[in-house]
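Hi there,

Here is the structure I promised to pass on to you. Please have a look at it first, and then read my notes below.

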Amino acid sequence: MARNRLCPPPRVVARNPGRPAIATEPVCIGRSDLVVNPIGVGTWQWGDRRYWGYGIDYDAEDIAAAFDAAIAAGLNFFDTAEIYGRGESERLLGRQLERSGACVAVASKYMPLPNRFSAAAVAGAIDASRRRLEVRTIDLYQVHWPFSLLRKGVLLRELARAVEGGLIRWVGVSNYGAGRLRRAARLLASYGVPLVANQVNYSLLNRAPEINGVIAACRELDITLIAYSPLAQGLLTGKYGPGKRPDGAGKTVSKFRGHDLVRVEPVVRALREIGLQHQKSPAQVALNWLIRQPGVVAIPGVKNAAHARSNAGAYGWSLSDAEAQRLNEVSAPWRKRGLLDRLL
Ligand SMILES: NC(=O)c1ccc[n+]([C@@H]2O[C@H](COP(=O)([O-])OP(=O)(O)OC[C@H]3O[C@@H](n4cnc5c(N)ncnc54)[C@H](OP(=O)(O)O)[C@@H]3O)[C@@H](O)[C@H]2O)c1
């Protein structure tokens, strides 16, 4: 099993989650020592055939090229999960890490499946992920979903034990609403471990975290908000529109239907016009809007080197306040509570 990956001693910056946002600096994940580029790399696409078309439209060679391009562009935070491609995402990432020897932070996730009702299941899942990733220690280990048959106290205690045992370094959660986040942070702290991240759906086309209390709770507790689906699964790239619907099973979801594609047009138009001022693409502008916010990191999913290079170009420059305000206004219809908010 390989060594830990985040090799150089991390330079601690941007520890205050309420600091004025600058999309040109690395950020610290919560109270951890993980200092990362605020543009990370999402790897659900790696090995997932059914939703994303891995093995049909793109393959392991594209993934290797995406990895190399990401590293060359300075991206150093990779997000995976045991369920992505039934472990294939972790395997592919592990292979790239082993091949390249790159120093990056690796985040993975534990899925609280209904058949996992014993503490031993947590330890087993961590071991399996470490094996697939070929790492001794997983830098950030997140609970993928808030519902679990295993009592919260037991699950979090097991994660705290795994930190103590050096199997994982830091603990995060995902899809947690504000109340659950506060309770989880309190419980974990009672075992002497801080909660450092909450990974939620956040983009110009899903601004629920701004009004359901999640961003506020993250800032108050010094927890980094890791924005997943930051490009609304491709909608914010501007490559889809009425008459230009994507292929693939995953793209049958409602947001890619004609009516919704029409609604999105003003947002894409604004992204395009603002991008022209900076020689940036709509996707890069959409990602910059996210990472200019205090305590927010974005993990766009990539399938190939071009995606990785393009997404890295969202970093190192900043929208003006007026441009960000224009994007706030044009995306205001998406500043509403999500369907699952009451539940989460
Ligand atoms: N915690 C959770 O519950 C959860 C849920 C979902 C995702 N995630 C994580 O978040 C990551 C990102 O979310 P996501 O994959 O759902 O959505 P996303 O990042 O919004 O969209 C990714 C898709 O957008 C397209 N794309 C990406 N970069 C592009 C570029 N520069 N130019 C043009 N197209 C580009 C690609 O799809 P096409 O080429 O097919 O258009 C890519 O598959 C995932 O990989 C995963 O790691 C976590």
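Helix α8 (residues 258–278) packs against helix α11 (residues 321–330) at an angle of about 170°, and their axes are 9 Å apart. Angles over 145 degrees count as roughly antiparallel, and that makes α8 roughly antiparallel to α11. If you want to find this contact on your screen, look for P266, V267, A270 and I274 in α8, which meet E323, R326, L327 and V330 in α11. Sorted by class, the contact of α8 with α11 has 6 nonpolar and 2 charged residues, and no polar ones.

Please keep in mind that this is a predicted model, so everything in this email is computed from predicted coordinates.

Let me start with helix α5 (residues 178–190) and helix α7 (residues 214–221), whose axes come within 9 Å and cross at roughly 20°. With angles under 35 degrees counted as roughly parallel, α5 and α7 are therefore roughly parallel to each other. The crossing in which α5 passes α7 is right-handed. On the α5 side you will find A178, L181, R182 and A185, and these meet V214, A216, A217 and L221 in α7. By class, this contact of α5 with α7 has 7 nonpolar residues and 1 charged residue, with no polar ones.

The other pair is helix α4 (residues 152–164) with α5, packed at an angle of about 50° with the axes 9 Å apart. That makes α4 oblique to α5. The crossing of α4 and α5 is right-handed. Here K152, G153, L156 and A160 of α4 make the contact with A184, L187 and L188 of α5. By class, the contact of α4 with α5 has 5 nonpolar, 1 polar and 1 charged residues.

Now to the ligand, which may be what you want to look at next. Which of the 29 residues around the ligand come nearest? They are G42, Y228, G234, G301 and S310. Helix α10 (residues 305–312) gives the largest share of the shell around the ligand, with 3 residues. Taken by class, the shell around the ligand has 15 polar, 11 nonpolar and 3 charged residues.

Finally, the overall picture. The protein has 11 helices and 10 strands. Its radius of gyration is 19 Å, close to the 20 Å that the globule rule gives for 344 residues, so the protein is as compact as a globular protein of that length. Along the principal axes, the C-alpha atoms of the protein fill a box of roughly 50 × 40 × 40 Å.

Best wishes

How values were computed. Residues numbered from 1 in each chain as written. Predicted model: local features only at pLDDT ≥ 70, side-chain atom pairs only at ≥ 80, totals over all residues. Near = placed C-beta within 6 Å. Helix = DSSP H or I, 4+ residues; strand = E, 2+ residues; numbered from the N terminus. Nonpolar A, V, L, I, M, F, W, Y, C, P; charged D, E, K, R; others polar. Axes fitted to C-alpha atoms, helices over the stretch in contact; angles between N-to-C directions. Parallel < 35°, antiparallel > 145°, perpendicular 65-115°, else oblique. Left-handed = near helix turned anticlockwise from the far one by under 90°. Contact = placed C-beta atoms within 7 Å. Rg over C-alpha atoms; globule rule 2.2 N^0.38 Å.
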